[in-house]
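Here is a short briefing on one protein model. Keep the structure open while reading.

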Amino acid sequence: MVSLSLRDRLLGWRDSILSNPRFQRFAAVFPLMRPVARRRAVAMFDLVAGFVYSQILLACVQLRLFDIVAERPATAEDLAAQLSLPVDSLRVLLDGAVALRLLQMRSGHRYGLGQLGAELRGNPGVLALVAHHAMLYRDLADPVALLRAPRGGGELAAYWAYVRGERPGELPADAIASYTALMAASQPMIAREVLHVYSFRDHRCLLDVGGGDGSFLSAVAAQAPQLRCMLFDLPAVAEKAAARFEANGLKGRATAVGGSFTTDPLPEGADIVSLVRVIHDHDDEVVEALLRAVHKALPDNGKLLIAEPIAGLPGTAAISDAYFAFYLYAMGSGKARSFPRLQAMLENAGFSQVTLHPVPMPLVASVITASKR
């Protein structure tokens with residue numbers, strides 16, 4: 001039998017106190033403890049009611065309420081007529097959104113944007129993710145059943161077709177269209193974090209592996225006019241990237257190459273390679289093979305830049321150990337990894353000078369660079 005440490009015994013004593021109904025009542029009425037007790041009660045209830053909160057947000061996104069009231073605050077009656085909803089039921093949604101600071105009451109009983117609603121409206125990538133979460137919620141309807149079943153047996157795994165397909169390079173355009181659009185919506189947020197901490201002006205050619213429709217490369221190219229760009233992704237995705245490059249006036253500087261990094265060699269000629277939210281989508285053996293392929297494609301002293309959520313950083317535990325852990329479990333592939341784990345994987349692949357760059361918003365993505373030794 002394992003003996004309990006002093007810390008374990010202290011935590012057990014704490015647990016027995018906090019779970020005691022008499023102590024809970026005492027904390028609620030004692031003036032010095034009342035503020036703490038109230039904050040903990042709110043935090044506990046937020047966990048209980050979190051799904052309802054997320055569904056209120058989803059309804060606002062599906063109805064495009066943030067855009068509507070941003071253009072002109074409106075009464076419940078006006079909004080009900082515009083949205084073809086009963087006034088009484090819509091008012092339930094509107095008042096719930098006010099309580100969550102998504103909306104805010106204005107003069108004349110009109111509803112306008114709240115603080116969080118305004119911030120969300122300024123982040124189209126987050127709004128796209130909220131709409132996408134309807135699929136995740138269906139997979140999580142019975143979380144215990146999800147955990148008992150083989151990983152990746154639900155709707156989310158089918159959505160990310162490249163994860164399950166034995167021949168991802170043969171996926172048709174209709175199989176990749178929706179998730180490519182979803183990833184493109186979030187790329188501006190990722191690009192801002194990367195460009196805040198890393199300059200591409202000293203590089204001559206950037207290869208973005210798994211680069212989607214080219215949104216990230218387009219943002220980097222705008223900041224580094226001397227940079228040539230290459231994108232490598234599934235053929236159907238690469239076609240979308242080529243169209244974006246042409247639309248953005250980058251046809252002479254940026255090329256898109258179709259292929260799968262699980263079966264095809266990476267294009268050579270770049271002195272820096274980027275992996276933007278690619279590694280956490282895949283299991284260790286796929287990541288290890290990809291890092292070796294990147295190392296082979298780079299010249300001596302070439303750089304690798306990784307941008308993705310990283311576990312174990314201050315303030316990121318909830319998103320990495322709760323959100324991403326369950327999302328990727330339902331997806332059937334990948335995991336959020338800590339910086340020490342990623343550093344070890346990079347060094348095993350032959351990289352050195354592995355550096356974690358602090359970014360303004362690590363919840364969105366963190367940035368790691370490494371050099372080919």
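There are zero disulfides in the structure. The model is a predicted one. The protein has 17 helices and 10 strands. Of its 373 residues, 44% count as buried.

**Cysteines**
- A disulfide needs the two sulfur atoms within 2.5 Å.
- Cys-229 is buried, because its relative accessible area is 3%, under the 20% limit.
- Cys-60 also counts as buried, with a relative accessibility of 1%.

**Overall layout**
- The C-alpha trace spans about 70 × 65 × 40 Å along its principal axes.
- The domain assignment gives domain 1 as 21-121 and domain 2 as 185-372.
- The centres of domain 1 and domain 2, taken over C-alpha atoms, are separated by 37 Å.
- Take the contacts with a separation of 6 or more: residues 24 or more positions apart account for 67% of them.

**Nonpolar core**
- The largest nonpolar core has 31 residues. Val-209, Leu-275, Leu-291, Leu-304 and Leu-346 have the most contacts inside it.
- Which elements give two or more residues to this core? The strands are β4 (205-209), β5 (228-233), β7 (272-276), β8 (303-308), β9 (351-357) and β10 (366-372). The helices are α15 (284-297) and α17 (339-348).
- Helix α15 gives the most to this core, with five residues.
- Val-209 is in contact with Phe-232, Phe-261, Leu-266, Val-273, Ser-274, Leu-275, Val-278 and Leu-290, leaving aside neighbours within four places in sequence.

**Ser-366**
- Ser-366 lies in strand β10.
- Is Ser-366 buried or exposed? Ser-366 has a relative accessible area of 2%, so it is buried.
- Not counting residues up to four places away in sequence, Ser-366 touches Ile-306, Ala-307, Glu-308, Pro-309, Ile-310, Leu-313, Leu-356 and Val-359.

**Largest pocket**
- The largest pocket has a volume of about 2,000 Å³.
- Its lining holds 46 residues. Val-126, Leu-129, His-133, Ile-319 and Tyr-323 lie nearest the pocket centre.
- Helices α3 (34-62), α7 (115-121), α8 (124-139), α12 (173-197) and α16 (317-331) each supply at least two lining residues.
- Which element gives the most to the lining? Helix α16 does, with nine residues.

**Positive phi**
- Most residues other than glycine have a negative phi.
- His-109 is not a glycine, yet has a positive phi of about 60°. His-109 lies in the loop between β2 (103-106) and β3 (110-113).
- His-109 counts as exposed, because its relative accessibility is 67%, over the 50% limit.
- Asn-301, a residue other than glycine, has a positive phi near 70°. Asn-301 is found in the loop between α15 and β8.
- Asn-301 counts as exposed, at 66% relative accessibility.

Technical notes. Residues are numbered from 1 along each chain as its sequence is written. This is a predicted model: local features need pLDDT of at least 70, side-chain atom pairs count only at pLDDT 80 or more; totals for chains, interfaces and linings use all residues. Side-chain values use heavy atoms; hydrogens and water are left out. Buried means under 20% relative accessible area, exposed over 50%, partly exposed in between (1.4 Å probe, protein chains only). Domain bounds come from an automatic or database domain assignment. A nonpolar core is a set of buried Ala, Val, Leu, Ile, Met, Phe, Trp, Tyr and Cys residues joined through side-chain atoms within 4.5 Å. Helices (H or I, at least four residues) and strands (E, at least two) are DSSP runs, numbered from the N terminus. Contact means heavy atoms within 4.5 Å. On a 1 Å grid over the protein atoms alone, a cavity is a set of points where a 1.4 Å probe fits but cannot get out, and a pocket is an open set with protein on both sides within 12 Å along at least five of seven lines; lining residues have an atom within 4 Å of a point. Grid points are joined across faces, edges and corners, and a volume is the space filled by probe spheres set on the points.
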